[in-house]
Amino acid sequence: MIASPHMRAHTEYLTFRTPELRQFINITPKVQAALQKSRIEEGMILVSAMHITAGVWVNDAEDGLLADIEEWLEHLAPFNESYRHHRTGETNGDAHLKSLLVHHQVIVPVTVGKLDLGPWQQVYYAEFDGQRPKRVIIKVMGE
Amino acid sequence: MIASPHMRAHTEYLTFRTPELRQFINITPKVQAALQKSRIEEGMILVSAMHITAGVWVNDAEDGLLADIEEWLEHLAPFNESYRHHRTGETNGDAHLKSLLVHHQVIVPVTVGKLDLGPWQQVYYAEFDGQRPKRVIIKVMGE
Amino acid sequence: MIASPHMRAHTEYLTFRTPELRQFINITPKVQAALQKSRIEEGMILVSAMHITAGVWVNDAEDGLLADIEEWLEHLAPFNESYRHHRTGETNGDAHLKSLLVHHQVIVPVTVGKLDLGPWQQVYYAEFDGQRPKRVIIKVMGE
């Protein structure tokens, strides 16, 4: 139990412009860097995509698994020309569904000044409609 | 970086009784109103369904997409008379699965007194078993 | 609206070693116990799996539904020998996908010293690759 008269917040924005339409990027070092700048010892870090065609998840940094995830997402939320959303001129209906499926945000706990992640947990940014600038917010809140 | 001696919390409850069994409602204005009442400048807002047959997500306010999402959810978590859950007398097994799929809550970051959402991000309440009163909690926490 | 000079954080870790490979455990009493120890009145509790083959969700404590969920997850993210991830020697590719599907964490709001859950909401730990020690973090933050 830790008590402190000061609650603090520290906010950063990342911008990605991935060369590929779909790309999964390990952003754990960037979350770690934001935590260090915040000097917060106890709290939570919100890592949240600011676009509706991208996701953020916590899972393993293993290339085979990442390829499995991509194939699985394409199976469950496939690219399809006939989405109603495409009547707006867009072609990224599948990217919206993939974002809903994996969720667009995670909370990383902070304990004694460190990311309190399990041994294999890494924070990933999942781009489903890249090749243009996309933002992610990292917000550290605590004391 | 902002430091303040005061952490505050502000809680509101919304009640929906949708005319349709399934309905997706843009509740961003209600989240915005709760933030204004809280007068919190830096923090997070939890928006969370209080029932187990509803979801909350952040995505686009585009009617074609909403119809795509409904069709897609029905494909992945279909209505089916034979769910074991229905032995309790319920008929809403699919609504539980849909709620698990889209998740029942989001966190909206607050920065300099504003909802820190991307340009197309809107907060949606997703009713999967309506026509009766259902609640959503909005909890603003920060300083 | 509540104002207080003290923000506090209280952290606990649960360890599970389930007898079955897959098992769903109602951990609401453990979340409640952590809240009581924290003596926090207003805030949020993060309940988050620390492994990448487990999930945490909020839904109904009904055995038929739990069996439906297990069958449904196996349908959407099936065990399959041919996942690329298995080239590492693992056999738990499906557990990673199931974890992504249901999400690995929830936030439970705390209001006037109580878990602010709806009438049927229970917090579940979902083990998808058990029979070995796995951890869950419970972090209470508030005042």
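Is B:Arg84 buried, partly exposed or exposed, and what is its relative accessible area? In this predicted model, B:Arg84 is partly exposed, with a relative accessible area of 26%; the classes are buried under 20% relative accessible area, exposed over 50% and partly exposed in between (1.4 Å probe, protein chains only). The side chain of B:Arg84 meets that of C:Glu71 in a salt bridge of 2.7 Å, N to O, a salt bridge being a side-chain nitrogen of Lys or Arg within 4 Å of a carboxyl oxygen of Asp or Glu. Because C:Glu71 lies in helix H2 of chain C and B:Arg84 in the loop between helix H2 (63–76) and H3 of chain B, the pair joins two chains. C:Glu71 also counts as partly exposed, at 49% relative accessibility.

Residues are numbered from 1 along each chain as its sequence is written, chains are lettered from A and ligands numbered from 1 in the order in which they are written, and side-chain values use heavy atoms, with hydrogens and water left out. As the model is predicted, local features need pLDDT of at least 70 and side-chain atom pairs count only at pLDDT 80 or more, whereas totals for chains, interfaces and linings use all residues.

A rotation of 120° with 0.0 Å of shift along its axis superposes chain A on chain B (RMSD 0.0 Å), by least squares on the C-alpha atoms of residues with pLDDT of at least 70 in both. This is the relation of a three-fold axis.

Between chain A and chain C, the contact (heavy atoms within 4.5 Å) takes 40 residues from chain A and 34 residues from chain C. The area buried there is about 3,200 Å², of which carbon and sulfur atoms give 64%; buried area is the accessible area (1.4 Å probe) that two parts lose on being put together, summed over both. Three salt bridges cross this interface. In one of them, C:Lys139 pairs with A:Glu42, the closest N and O atoms being 2.8 Å apart. H2(A) supplies the largest share of the side of chain A that touches chain C, eight residues; helices (H or I, at least four residues) and strands (E, at least two) are DSSP runs, numbered from the N terminus.

Between chain A and chain B, 34 residues of chain A are in contact with 40 residues of chain B. The buried area is about 3,200 Å², with 64% from carbon and sulfur atoms. Three salt bridges are found across this interface, including that of A:Lys139 with B:Glu42, whose closest N and O atoms are 2.9 Å apart.

All ten of the ten residues of helix H3 (residues 93–102) of chain C are buried, so this helix is largely enclosed by the rest of the structure. Its buried residues pack against E5, H2 and H3 of chain A, helix H3 (93–102) of chain B, and strand E5 (54–59) and helix H2 (63–76) of chain C. Within H3 of chain C, C:Lys98 and C:Asp94 lie four residues apart, about one turn of the helix, and form a salt bridge with closest N and O atoms 2.6 Å apart. Just after H3(C), C:His103 takes a positive phi of about 75°.

Over all chains, the structure holds 30 salt bridges. Among them is the pair B:Glu127 and B:Lys134, at 2.7 Å between the closest N and O atoms; both residues are buried.
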